[in-house]
Amino acid sequence: MYSGMSDKNLKNIALLIDADNTTPNGIDPVLTVMAELGQVNIRRAYGNFAKDNLARWDTITNKFGIRPQQQFDVSKGKNATDMAMTIDAIDLLYQGKVDGFGIMTSDSDFTPLVTRLRQDGILVYGFGEAKTPKAFQSVCTRFIDIKKLIATNAAGRSNGRKKSQDINPETVDEELLELITAAYSEAETDGGFARLSQVGQIAGNRSSFDVRNYGFKSLKDMFESLDDFTVEHRDDNQVFVKRQP
């Protein structure tokens, strides 16, 4: 995690924002999430900021040190933003100066870009609305519903740390339960316990899911809310889970 890294080990992360297809309200919580990967030294927002609907980005870019990349509409129905953002991402990739990307958009047109970045072993976190096509969501290392992230962040500020028992386990749908159960089964030891970190790694390799999409702050919080699993904290600060018979 970010807090445990020394300055020399911090990764260089780029956050590229499709201002036409995302909300400025998400910048603060998105930057918090991206800190898990390293220092977000490159922050760029792309769009035609001459349009009225992008006027709010004026104060946001100054507040969070985001560099606006003005893209005028070259012709009706054509979006220069996507092309400029893609070119910059590939340039950063080939310069070899970036260890991870955050892509804020709900546009599936960036699916080939994310696929290409990940082919080089680059971590890519996607941030978009729930309506974002699955094609884009699935190719990201993690995809996070930005509206739920904003809501969780706001709740945390007003109520303090949200306790796992306050979260409705019904938010964990059948598809997610099947995913984490399969990951647990693969990580399970002879004693029936599985290391939580290993369960998360296996699940992450199979899917772009993120527990924050379900209102949880961590994988541990999610498992603690499930009646089907027991969570055990051991002396070495390791967390294990075991499925109930």
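Two strands are taken to pair if DSSP finds at least two bridges between them, and helices (H or I, at least four residues) and strands (E, at least two) are DSSP runs, numbered from the N terminus. The structure described here is a predicted model, in which local features need a pLDDT of at least 70 and side-chain atom pairs count only at pLDDT 80 or more, whereas totals for chains, interfaces and linings use all residues. Residues are numbered from 1 along each chain as its sequence is written, and side-chain values use heavy atoms, with hydrogens and water left out.

The protein has an average pLDDT (the predictor's confidence in each residue, from 0 to 100) of 83, and 87% of the residues score at least 70. Over residues 1-8 the pLDDT is below 50, and this stretch makes nine contacts (heavy atoms within 4.5 Å) beyond near neighbours in sequence. For residues 160-167, where pLDDT likewise stays under 50, the model has 15 contacts beyond four places in sequence.

Six strands form an open sheet in the order β3-β2-β1-β4-β5-β6, with parallel pairing. Strands β3 and β6 (142-145) lie at the edges, each pairing on one side only, and the twist from one strand to the next averages 20 degrees. Between the parallel strands β2 and β3 there are four bridges, and Arg44 has Arg67 of β3 as its bridge partner.

Helix α1 (residues 27-34) lies across β1, β2, β4, β5 and β6, and runs at about 160 degrees to β5, where axes are lines fitted to C-alpha atoms, for helices over the stretch in contact, and angles run from 0 to 180 degrees between N-to-C directions. Strand β5 (residues 123-128) contains Phe127, which counts as buried (under 20% relative accessible area, with exposed over 50% and partly exposed in between, for a 1.4 Å probe and protein chains only) because its relative accessibility is 0%. Leaving aside neighbours within four places in sequence, the contacts of Phe127 include Val30, Val33, Met34, Ile103, Phe143 and Leu149. The C-alpha atoms of Phe127 and Val30 are separated by 7.7 Å, although these residues are 97 apart along the chain.

The 16 residues of helix α3 (residues 80-95) should span 22 Å at 1.5 Å a residue, which agrees with the 23 Å between its end C-alpha atoms; the expected span is 1.5 Å times one less than the number of residues. Buried residues of α3 include Ala84, Met85, Leu92 and Leu93, and the buried residues of this helix pack against β1 (12-18), β2 (39-47), β3 (67-70), β4 (100-104) and α4 (111-119). After α3 comes Gly96, with a positive phi near 70 degrees.
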